[in-house]
Amino acid sequence: MKSLFPILTIVAAILVIWVLAVVPMNMHLTADQAQRDGLMVMPQTPAERQGYSGLGLSFANAGLIPLTYTLDRPRLPSPHQVAGEMWETIALRNVTSRQSLVYHGWVTLSATLVGFAIGTTLGILLAVGIVHNRAMDMSVMPWAIASQTIPILALAPMIIVMMGQFGIQGLLPKAVISAYLSFFPVVVGMVKGLRSPDAMQMDLLRTYYASSSQGFWKLRLPASVPYLFASFKIGISAALVGAIVAELPTGARAGFGARMLVGDQYGNPLVTWAALFAAAITAAALVAIFTAMERLTLRRMGMAAA
Amino acid sequence: MTADTVISAQGLNLTFQTNDGPVHALKDVNLDIRKGEFISFIGPSGCGKTTFLRCIAGLETPTDGTLSVNGMTPDQARRARAYGYVFQAAGLYPWRTIGGNVKLPLEIMGFSKSEQAERVARVLALVDLAGFEKKFPWQLSGGMQQRASIARALAFDADILLMDEPFGALDEIVRDHLNEQLLALWARTEKTIGFVTHSIPEAVYLSTKIVVMSPRPGRITDVIDSPLPKERPLDIRDSKEFIDIAHRVREGLRAGHVDD
Amino acid sequence: MTGPALISVLAVWVVGWFINARLAVSRMSDARIIRVLVPVIFGLTLLLIWELLVRMTGVSPIVLPPPSMIAERFANSLPILWVDFEQTIVKGAMTGYVIGMICAFAVAVLADRSDFLTRGILPVGGFMAALPIVGIAPIFVKWLGSDWESKAAVVAVMVFFPILVNIVAGLRDTSAMQRDLMRTYGAGYWQTLFKLRLPAAMPFIFNGLKIATTLALIGAIVAEFFGSPTVGMGFRISTSVGRLALDMVWAEIVVAAIAGSTLYGAVAWIEGRVTFWHPSQRK
């Protein structure tokens, strides 16, 4: 835990920069508002103020600085405003309400998990096939690797519409996007893992005259576990991004992506920020769960990473 | 301590604090090394021979006692580039050619371009690697890589050469060959060489003085001045003197183990 | 599915697979030409099956345009595709990539002098790299306007963290022996940095740079879903989806695929030149 203090320092530094940035970012809005409320503002007309930078205006109107933290619709909300919005929409609302971020989170998360399960299962099966069949290896593997260099996320809007034409809506189209985004990293990682035993270890099994299925269950599969978890962690974050992006261009009414869009379109930045942070927390939690599972599994297997 | 003493250790102690309590890596080490000597440190692992060499190089700091190198503290000596150091592995930079690797210390120490080229050519010839300047390390055998690392240590003409089991990872045939070459090199350059090894024949064959060390705590148990002549063909190892010294070293090592 | 359709699809699959299976076990199977040929045959087989499926079954070409239609659309829309490419890839993605990379290098070198800072930056940066950062797109569009500047900013933030983490981790990846060697020369901080640690870090750094190329394209395209001028790949994709002009969407995706693999290939090519000494690059 000797990294705890450095980590906290970095996080604190980021928060301090954020808090300081709120003042110049919001000063123009604050000044306009203050003027409407009848306060003295320098310079006096909005047109003149446009000529000033946020920082310059802040120095000219130091008295208004506290007000930059309390705007209803700030350009940059302060940390406490985002935290407040999240508290209100996560803890204080009924989880089935459309106002609740838990509800929206579940809509996105369920699609993510279903898609991830499909994607990883297919990915593992394909990887096993690739390792055991040379034709499959040579045909498919180059495409799987190439897919990692291509923004296949761009397919998302089309998949939603295509499946919509067949009357499939809701969770499934998003899950399909999550599935193919998690599929390729798992294929590539799993193939690497199944191939990770070195020549000496393979030769040992050959001296036992072990069959290829024995080799798979006793050597290749256990050896692939660390690689598999590494792919899981990449796959689950990709799946979540996929589900969120799938909600964007199609006017979905629920989910993190929908909340971001709503906040954007109705000029309520707090909604966007709260959804963004909730999505970040969800992603972090998913990765943390897989990290914990990885530790536990590897320790059980006696392969504990130091 | 006489006028031609280059390295002098008096009452040297070094204690590492570990999770299992303090470890006495060096206890009460006294030793003087004269100019031009070839001195070997031999002992089982954990006897502090490498630690002592690293103290001389200023890579470790003794907990107490005094240690001087060329009349300076080890750290001053390191900054004055008083010695070349050869590690257990060649540790050549894979992104530099053999010539580029030998040039590395020269670049750091600010030698002129023409002088760099001249020195690289000279020391590569000295270790029999002339013509391999443009090769990359991975294109050479292990023995050749280690020779290149010796050339790297020689390049800036420090008069002390510190070698930490430089041939430990090589097979015996290559090792014999390199030992012979090292002796020839020592005769030609008249450097003071500190050499860590755990091979008795190697220590006896190379050294003018053999320091036998033993572990827990790391200390010196015997210092043997070799009566062998400076000219040493490989078959000197079959001579009676050689076998006698080897025997005494073995006895010294065994004595160090009694209290285990 | 109709009988003839099923039979012809199966026939194409069997023929394609049969050729590949023979090539894969042939004596020449390690030859470069075979290594290229096999995936190409596989790809062509899939395209042919796709084409047959759309033509011989009742699937509307509007919902799933066949490859021939996509190719035609691609060939007929080159001017549009080119301006979209310029807007999204050149202005948005590549500008952002360069900015993010420079910032990452600056922060890494500043933080590198302090062990305390690097120990904080590694986990925090790794954590940030796993977050859905594309989500900041609507915020940046608000701040910087809907043109390419906001896309470049999103891309810069997205690529910053993976590059930063890889540089910092790479700079720490020298062995104790290599550092001791530099100490025996009495080398200073900058000498050690330029002669030992930066070259040794290059494989890590390029790993980060390669991951970042894909992220840059994703960021630039997805950010356009939140607002853009009437040009750009993300804009074209979202509006064409709305008008059910899916052949145009596919054409843009072909562009994205070519751009993505070219950028990645370019970085990998430079990597090969710079880290020729690394075991993974040696032949």
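In which helix of chain A is L172(A) found? In this predicted model, L172(A) belongs to helix 8 of chain A, where helices are DSSP runs of H or I with at least four residues, numbered from the N terminus. L172(A) is described as partly exposed because its relative accessible area is 40%, and this class lies between buried, under 20%, and exposed, over 50%, with a 1.4 Å probe and protein chains only.

L172(A) is also one of the residues of a nonpolar patch on the surface, which includes V114(A), F166(A) and V176(A) and has about 730 Å² of accessible area together. Such patches are made of residues with over 30% relative accessible area and no salt bridge, nonpolar side chains being joined within 5 Å; a salt bridge is a side-chain nitrogen of Lys or Arg within 4 Å of a carboxyl oxygen of Asp or Glu. Helix 5 (101–132) and helix 8 (171–194) of chain A each supply at least two residues of the patch, and helix 5 gives the most, with four residues.

According to UniProt, in an unreviewed entry, the transmembrane regions of chain A include residues 6–29 and 270–293, although such annotations may be inferred rather than shown by experiment. Residues 6–29 of chain A are 100% helix, with end C-alpha atoms 36 Å apart, and residues 270–293 of chain A are 100% helix, with end C-alpha atoms 34 Å apart.

Residues are numbered from 1 along each chain as its sequence is written, and chains are lettered from A in the order in which they are written. Local features need pLDDT of at least 70, and side-chain atom pairs count only at pLDDT 80 or more, while side-chain values use heavy atoms.

Technical notes
Patches are made of residues with over 30% relative accessible area and no salt bridge: like charges are joined within 9 Å, nonpolar side chains (Val, Leu, Ile, Met, Phe, Trp, Tyr) within 5 Å. Accessible areas come from the Shrake-Rupley method with a 1.4 Å probe; for residues, only the protein chains shown count as cover.
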